[in-house]
Amino acid sequence: MTSVKYEKDQDKIVHLILDKPNASANLMDLEFTDSLVAAVEKLREDDWAGVLFRSEKSTFFAGGSLDDLHATTKENAHLLYEMVNKLKLVMRELETSGKPVVACINGAALGGGWELALACHHRIALNKGVTLGLPEVTLGLLPGGGGVIRMSRLLGLQAALPYLTEGKQFKPEQGQKLGLIDEVVETKDQLVNAAISWIKANPKVQQPYDVKGYKVPGGKPSNPALAKMLPIAPAMMRVQTKGTMPAPESILSVMVEGLQVDIDSAMRIETRYFVELVCSQVAKNMIGTLWFQLNEIKAGASRPDNIEKSKVQKVGVLGAGMMGAGIAFSSASKGIDVVLKDVSLENAEKGKAYSQTLLDKKVKKKRLSAEKRDAVLNSIQASADAEDLKGCDLIIEAVFEDRGLKAKVTKEAEAQLESSAVFATNTSTLPITGLAEASERPANFVGLHFFSPVDKMPLVEIICGEQTSDETLAKAYDYVLQIGKTPIVVNDSRGFFTSRVFGTFANEGIAMLGEGMPAAAIENGAFLAGYPVGPLAVTDEVSLTLVEKIRNQTIKDLQAEGGTYPIHPSDSIVDRMLETDRSGKLSGAGFYDYPKGAKKHLWSGLKEMFENAETPYSLEEIKDRLLYIQAIETVRCVEEKVLTSVRDANIGSIMGIGYPIWTGGILQFINQTGLTEFIKRADELTEQCGERFSVPKLLRDMEKDGLTFKD
Ligand code: NAI
């Protein structure tokens, strides 16, 4: 079996046809390496004029085999090292053969695919359906197939940075502007014909960087202008990664080190850093969660089986406020008709205007045509009349967080609907089973918890009430995928999974402030742990008034259930802030000050009100308290069966509530810490901070049985 077919035409041009057997895409794996090595060995014996690479798949080449990379450990890393070196040597042999080698890029060429194309002398791409780039960094890796070395030499260090350290992708036209794509054509036939013509016209070629006297754009690291920038670059990178991501740092090292030596040595440097990253815990975390678990979710892992796939044609959104307006936009953008209903037409139109603003921006940036914008806008009907909801197959309610009001609009909408329609609520805190009591058809009732801002946030938490049917869950799941977002599925509980676990983060940060720790240390501790935003800043965003409101509602609900509210040390701090009229960002005054036209900064009054020079603290403690409190609450969610899958916990925590990406998600954080170590530290924190850190029995049992979190 070969992944590279060898065909020579009448002009002595060898077509190396990429076609991995029994697979939907071409992969850079051992089979491919052996196939390419065999093809190059055959070329050595053959009389040939040029080579063109083309693919028999709908994409050009999908890149490295993540199965293989995920399975690589320090013990067998030498095998990967040897394979990569072997592959790079034959790619190098081809590009230094003196004869022309062309890539015919018919579809996506990402990662290894783009690296293969880079090793060719001439790159021709179809003008449609082609995405190019090196996204390895987004999975904690670096392009190990020569990508870092060739991009740095072709573009220069500075220009190549975003494509390598951020994984920025690009289209063929942009590739042409960068000088990385030589020709763009319309059809597959033209691809091959253009390649043949170019080979015939250029019988003797060299890569630009192999030509004597080649100057790397912007110069080598010894160039004074570049040398001046180099000490700053790692510092700037640290601002972004806070030192939690080894991949961008390794990439920068390969770029700088690689430009100081000859290309063959540079290739070896790249391979060494690559193999080291592949074996790193962070890469394992990111590949495991952001590749394997995410793909399982996209393939419907948490969706009930044996229920036919559904598609929403018309959705009714109740409430055209911040969330409703975003939900309307996200649905209409994917071709779904929307009725956006509020109490007045004026309110509804205001909600629709949000879509107009977002779409206009896209048109201005040339990312959308004016016709497409108008079509999306025309598919949103602003309304104040419940009768307009007739014909909707899904309703999403996003009115104020008020039980009575939600019950009223549920009844009002259901009166207009077919019995098969699904009714979803976007409540952020109210249990679904209780809200479903207002419904005539509780089996069709479900929670669809979006995150703000809806147009940017990729996650939707689907919450099943006690009576939610499998059909309803399946329809909700299909809808979330239909609008291009990622669904996780959880069972009903106060705050579900995400709001509940998110709350522990904010509360812990506020509690530390109450203990007398400096606010700046708390916020910085969160950044250093890898959180995108600190607990005080995020509480300001949510607003302290809302935090207080949710607490009061919880106290009321618990009293009604005969339970008692467990007072949290953050409660009194929130109250004191509110007494001082500091309710958050919206009012311009919270834990931060929000001066007009300037950057926000921590409110100086916090020092006087809360800071205590006697309070001992360390950044390590702050990081641990935030990471652990959320993880412990998540284990409680698993124990209470609010969460039923590890992937939903990991993906939900990263995409919904900003749990640090390097961890691979909240349960993976426990796995990699090791259960014994995790429990030991949690016990210390319980001793120091209180019962909220006490480890659920489930985790102690798992530790005894030597288990980890796995689906
Ligand atoms: P909002 O205050 O921006 O909007 C609520 C809208 O509902 C207003 O436009 C109001 O006029 C409208 N409304 C009131 N009564 C109505 C009725 N009888 N019929 C139709 N519309 C009516 O509120 P927001 O922030 O959009 O929140 C809506 C829901 O989404 C709440 O349940 C909230 O808990 C939930 N949620 C909010 C998130 C957030 O970050 N703001 C995140 C996730 C969920």
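**Backbone exceptions and the ligand shell**

Me: In which loop is Asn-22 found?
Reply: This is a predicted model, in which local features need pLDDT of at least 70, side-chain atom pairs count only at pLDDT 80 or more, and totals for chains, interfaces and linings use all residues. Residues are numbered from 1 along each chain as its sequence is written, and side-chain values use heavy atoms, with hydrogens and water left out. Helices (H or I, at least four residues) and strands (E, at least two) are DSSP runs numbered from the N terminus. On that numbering, Asn-22 sits in the loop between β2 (13-18) and β3 (27-28).

Me: Why does Asn-22 count as exposed?
Reply: Asn-22 has a positive phi of about 50°, although it is not a glycine. Relative accessible area is computed with a 1.4 Å probe on protein chains only: under 20% is buried, over 50% exposed, and in between partly exposed. Asn-22 counts as exposed because its relative accessibility is 76%.

Me: What is the relative accessibility of Lys-641?
Reply: Lys-641 is not a glycine either, yet has a positive phi of about 65°. Its place is the loop between α26 (619-639) and α27 (646-657). Lys-641 counts as exposed, at a relative accessibility of 56%.

Me: Which residue does a cis peptide bond join to Pro-453?
Reply: Pro-453 lies in the loop between β16 (445-450) and β17 (459-464). The cis bond has an omega of about -5°. The residue joined to Pro-453 by this bond is Ser-452.

Me: Which element supplies the largest share of the shell around the ligand?
Reply: The shell holds 22 residues, the closest being Met-323, Asp-342, Glu-401, Lys-406 and Ser-428; a residue belongs if one of its heavy atoms lies within 4 Å of the ligand. At least two residues each come from α14 (322-332), α17 (403-414) and β16. The largest share, three residues, is from α17.

Me: How many residues of the shell are charged?
Reply: Asp, Glu, Lys and Arg count as charged; Ala, Val, Leu, Ile, Met, Phe, Trp, Tyr, Cys and Pro as nonpolar; and the others, Gly among them, as polar. The shell has 10 nonpolar and eight polar residues, and the number charged is four.

Me: What percentage of the ligand's accessible area does the protein cover?
Reply: Polar side-chain atoms lie 2.4 Å from a ligand oxygen in Glu-401, 3.0 Å in Asn-426 and 2.8 Å in Ser-428. On its own, the ligand has 830 Å² of accessible area, computed by the Shrake-Rupley method with a 1.4 Å probe. The protein covers 80%.

Notes:
Polar contact = N/O pair within 3.5 Å; in protein donor to acceptor, adjacent residues only side chain to side chain.
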